[in-house]
Amino acid sequence: MSTCKPTFLATGLLVLLAAVVPAHASGQLKVCADPDYLPYSNQAGQGFENAVAQYVAKQLGATVDYTWADSRGHGGYSEWLARNLDSGHCDVVMSMPYGNQEELTTDPYYVSSYVFVFKKDKGYDLTDLNSPDLHKLKIGFESDTPVEAGLQLRGMVQAAKAYDVGGKAGVSPRSVLDDLESGKIDVMITWQPAIGAFLKDYPDLTTVTLPNSRATGSPEMYTFPMSMAVRQGDTALKQRLDRLIKAHDGELKAILRQHGVETHPEPAAGMDGMANL
């Protein structure tokens, strides 16, 4: 997902490198994380992915051993996974859309969505990308995301402002909220977990969930179940994490909510159910 990690969905299958000794068997949970990409993670441990990793390690009777690497550098997220997770520098990353084919994903531990963000006092009537009000507004959106594709379908991309927060190291997702405050854009469409932690500092802003849709034919997905990811073939760790996620669902979602992440109920079954959220 650039800022929005679901953009991982568009990346191709990576080559699995040589097998490594699983460090999680030695009392350490080896986690790859970005050292400076709040609200996801940083070296001070302030991100929601840091908090989830700490909780997971504790439940496994392990300590967290981080491999810090900029996930927004050259080559994008796929190359980051290849250099770090696939090469054995770590054993798990905290955010990956469920079912992604690049890595082995756990069962989802939360579901979240893209959202409209705008000033409360504007009172825009925004329910989906077909909302008439949207055509009257200065739109901002995260590039290389399902939102860009949805706007493209409706011929609205050229008039909108593209942001690439997720591709630029050192740029905070908070910057899109600053542009809303200054009036550079009227509405931002972005991944909620990317901005949720910052919204407490912008009490005049509100969010509206962008629903999945079938209005233009093919399903349009704006809500995603999110998993942890391990290397292909590391079924032992995946199964341990699956059991943990099932047993501690409430605690994990509480951690996310404490960090401003809005979570949705999980669908009854599979991606078809996701389209109806």
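**Charged pairs and a buried strand**

Let's start with Arg231, which counts as buried because its relative accessibility is 7%, and the cut-off for buried is under 20%. Keep in mind that this is a predicted model.

So who is the partner of Arg231? Arg231 makes a salt bridge with Asp91, and the closest N and O atoms sit 2.8 Å apart. Asp91 is in the loop between helix H2 (76-86) and S5, while Arg231 is in the loop between S12 and helix H6 (235-247), so this pair ties together parts 140 residues apart in sequence. Asp91 counts as buried too, at 1% relative accessibility.

Now the strands. S5, residues 93-97, has five of its five residues buried, so the rest of the structure largely encloses it. S5 pairs with strand S12, residues 223-230, in the antiparallel sense, over three bridges. If you want a spot to look at, Pro97 is opposite Met226 in S12.

Back to charges: how many salt bridges does a search of the whole structure find? Eight. I'll show you two more of them.

In helix H6, Asp242 and Lys238 are four residues apart, which puts about one helical turn between them. They form a salt bridge, with the closest N and O atoms 2.7 Å apart, and both residues are buried.

Then there's helix H7, residues 249-258, where Lys253 and Asp249 are also four residues apart, about one turn. Their closest N and O atoms are 2.4 Å apart in the salt bridge. Lys253 is buried, at 12% relative accessible area, whereas Asp249 is partly exposed, at 30%.

How values were computed: Residues numbered from 1 in each chain as written. Predicted model: local features only at pLDDT ≥ 70, side-chain atom pairs only at ≥ 80, totals over all residues. Heavy atoms only, no water. Buried < 20%, exposed > 50% of the residue type's maximum accessible area, 1.4 Å probe, protein only. Helix = DSSP H or I, 4+ residues; strand = E, 2+ residues; numbered from the N terminus. Pairing = 2+ DSSP bridges. Salt bridge = Lys/Arg side-chain N within 4 Å of Asp/Glu carboxyl O.
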